[in-house]
Amino acid sequence: MVDARKVKEMAAKKANQFIGNVSGKVPPHKHCRICQEPIPVAADPRVCKQQTCIEQNEKDEKNQKTVRIAMFVFFGLFAIPYILALAARVMG
Ligand SMILES: [Zn+2]
């Protein structure tokens, strides 16, 4: 049997918790970007002290760097002919 009043109470409690979080009752903190564990605001890089998270973060950062370089090269491949064509038109 489901007690409707209990369910309502629980929902209210959950809502209060949510509102409490939003209104800043929780001291400022960040979350580990890997496991979402709360960490100090000053933490840098934004990971907890777990070795797996530190390693994962390093891997992610390396991946991001690679992606950025790849995008730069990709963009360059398109931009250079375009710029050359534009320059040729301006000069010619
Ligand atoms: Zn973590």
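**Close-up views of a predicted model**

**View 1. Gln36, an exposed loop residue.** Gln36 has 10 C-beta neighbours inside 10 Å, so it counts as exposed (a residue is exposed with 12 or fewer other C-beta atoms within 10 Å of its own, buried with 20 or more, and partly exposed in between; C-beta atoms are placed from the backbone). Look for Gln36 in the loop between strand 1 (30-31) and strand 2. Although Gln36 is not a glycine, its phi is positive, at about 65°. A word on reading these views: this is a predicted model, in which local features need pLDDT of at least 70, side-chain atom pairs count only at pLDDT 80 or more, and totals for chains, interfaces and linings use all residues. Residues are numbered from 1 along each chain as its sequence is written.

**View 2. Cys35 and its contacts.** Cys35 also sits in the loop between strand 1 and strand 2. With 13 other C-beta atoms within 10 Å, Cys35 is partly exposed. Leaving aside residues up to four places away in sequence, Cys35 touches Cys48, Gln50 and Cys53 (contact means C-beta atoms, placed from the backbone, within 7 Å). Cys35 and Cys48 are 13 residues apart along the chain, and their C-alpha atoms are separated by 8.1 Å.

View 3. The bond from Asp44 to Pro45 is cis, with omega near 5°. Pro45 belongs to the loop between strand 2 (38-39) and helix 2.

**View 4. Helix 2 from end to end.** Helix 2 covers residues 51-91, and its 41 residues should span 60 Å at 1.5 Å a residue; the end C-alpha atoms are 58 Å apart, which agrees. The expected span is 1.5 Å times one less than the number of residues.

**View 5. The whole chain and its confidence.** The protein has two helices and two strands, running α-β-β-α from the N terminus (helices, H or I, of at least four residues and strands, E, of at least two are DSSP runs, numbered from the N terminus). Of the 92 residues, 4% are buried. The average pLDDT (the predictor's confidence in each residue, from 0 to 100) is 88, and 89% of the residues score at least 70. Among the elements, strand 1 has the highest mean pLDDT (95) and helix 1 (residues 4-22) the lowest (73).

Technical notes: Contact = placed C-beta atoms within 7 Å.
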